[in-house]
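Here is a briefing on one structure. Look first at the sequence and the model, then read the notes by topic.

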Amino acid sequence: MRFFLDEVTSKERVLENMLKMNSFGGGDRLTGTVGQRQFCAWLKDEIRAMGIDVVSKDYVFERWEAKACSLTVDGEEIGVSSPFHYSGLTPEEGVTAPLCAVSDNPLDFQRARGKIAVCRIKNLSAISSRVAFNKRASVPADMEIEKSYRGPVSTAFVKTLPTFWALKSAGVKGMVCVWEDMSDAMVEGQCLNFILGYLGVPVLWVNETEGGKVLAAAKAKKTATLRLVGSIEKEAHTESFHALIPGTGGGNEAIVINTHTDGCNFCEENGGVGMLEMMRWFKAHPAKRTLIFAFVTGHFRLPVFRVGVMTSNQATGRWLADNPELWNGKKYKAVAGCSVEHLGCTEWKDVNGVYRKTDDIDAELVYTGNKRMDALYYEAAKDRDRLRTITLRGHNTMHFGEGQPLSRKHIPEIALVTAPDYLCSVDHTGNSHMDKFDLDLMYEQLHTFVRCVELIDGLTKKEIGRSQPYSVGLGRLK
């Protein structure tokens, strides 16, 4: 394809900025960390260097951080895949208690009172993807959504969200969660689950190989020591910020382009790197409408930052609530939005128990707010050399990614939310999973989203239309 972005940037600059982002602590850019704050400071400096003002809002919250964890059974060290995000903490010496195998039914947790519970978390297979997804279209046309949307992220959300709130009231001393039907490599370093409130009970994830040892020990009524040492920072600081590029057409209509800045590897979240290059383009080629670029925080601490009680509510909802004049018509009226997340992802899957690259492009899941926006997205992407995408309608109150709050405010959006199995995984090698990054793909995706904004800008508000409500029932997968 013709790379028109080369006029203001280059692939080399994008790669340089990706490496710069990773330098702020590849797995240490979670909400409120030093790495996230440094990343935000750098983004703001880059924006100001373009001659664009930045408006920032600071937030204070309680930040949980795990610093060390371990598990031993009768003195034998058990490998830990990762700590459970915002679960709980132990004293330096850990907690020691008998092991007790439980199901993921909260009523069963009572059997582990005063003990360390051991719970199997098996890869999703029984729940149909038709409950959560409704396909609009795809390229290639025969692409299908998996019949059961599997993997660490969806499995952790589905299997821990409705039950783990009962941990503290059950009086267990700690819990070991065993990933099952997923390779040891796939589950390593998963920063999950991040949509629950503070549990107050220390929980560790172990892979299936190590989990087999723990389950056997629980059956034999052995004792374990679980250690999850860390800290709770009472007044941790984090920020959301935005920047405007005024339109040339007058009037108060605007287009919102958004992402989040907290993450744990190259793709979660590199939307800010992509949006810098979009801003360079529109600084040189202003749209008729004002463009509002929002960089939000809180994606990895949603219980604190989301607005409303729905579990799919995303962090941009807080930014919308705090800046209503930028979208509700009081100062600017947002007629559309584009959400940019998880760029340049290749596909890695388990194949016969081996975690490996299975495609040059992980399926690009894109929510489109109505039929006109859906057609516009495919028009913007038509000249791509590499395209493997499925467009979706929000379904049964579920809409994943930071485009969701725009949809809930009836702002029709085009929202990329690619979801590789490594999306929430900290790379313990320190490489931020860059072996799974494709620079050419990210560059093409940026062209698509610049073109999306330009095409939206060429339509009247009436032609853009309103965001469709969620569809209900069983969705289309193909």
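Buried means under 20% relative accessible area, exposed means over 50%, and partly exposed lies in between, with a 1.4 Å probe and protein chains only. Val-178 is buried, at a relative accessible area of 1%. The model is predicted: local features need pLDDT of at least 70, side-chain atom pairs count only at pLDDT 80 or more, and totals for chains, interfaces and linings use all residues. Residues are numbered from 1 along each chain as its sequence is written, and side-chain values use heavy atoms, with hydrogens and water left out.

**Strands around β8**

- Helices (H or I, at least four residues) and strands (E, at least two) are DSSP runs, numbered from the N terminus.
- Strand β8 spans residues 203–206 and is covered on both faces.
- Val-203 and Trp-205 are buried on one side, Leu-204 and Val-206 on the other.
- In a regular strand, side chains alternate between the two faces of the sheet.
- Two strands pair if DSSP finds at least two bridges between them.
- Strand β7 (residues 174–180) pairs with β8 in the parallel sense, over 4 bridges.
- Strand β3 (residues 82–83) runs antiparallel to β8, joined by 2 bridges.
- Ser-82 has Trp-205 of β8 as its bridge partner.

**Val-178**

- Val-178 sits in strand β7 and stands opposite Val-206 in β8.
- Contact means heavy atoms within 4.5 Å.
- Leaving aside neighbours within four places in sequence, the contacts of Val-178 include Val-118, Ile-121, Val-206 and Gly-211.

**Nonpolar cores**

- A nonpolar core is a set of buried Ala, Val, Leu, Ile, Met, Phe, Trp, Tyr and Cys residues joined through side-chain atoms within 4.5 Å.
- The largest core has 118 residues; Phe-164, Met-175, Ile-257, Met-278, Phe-293 and Ile-414 touch the most other members.
- Helix α12 (residues 439–457) supplies the largest share of this core, 10 residues.
- A second, separate core holds 25 residues, among them Val-95, Leu-215, Leu-228 and Phe-305.

**Pocket and cavity**

- On a 1 Å grid over the protein atoms alone, a cavity is a set of points where a 1.4 Å probe fits but cannot get out; a pocket is an open set with protein on both sides within 12 Å along at least five of seven lines; lining residues have an atom within 4 Å of a point.
- Grid points are joined across faces, edges and corners, and a volume is the space filled by probe spheres set on the points.
- The largest pocket has a volume of about 810 Å³.
- Its lining has 41 residues, with Phe-133, Val-153, Ser-154, Phe-157 and Phe-400 nearest the centre.
- Helix α3 gives the most to this lining, 5 residues.
- The count is 1 cavity of 30 Å³ or more.
- The largest cavity has a volume of about 60 Å³.
- Of the 13 residues lining the largest cavity, Thr-368, Gly-369, Gly-394, Ser-407 and Gln-468 are the closest to its centre.

**Backbone points to check**

- A cis peptide bond joins Leu-192 and Asn-193, with omega about -5°.
- The peptide bond from Glu-268 to Glu-269 is also cis, with omega near 15°.
- Asp-181, in the loop between β7 and α5, has a positive phi near 65° and is partly exposed at 36%.
- His-433 has a positive phi near 60° but is buried at 9%.
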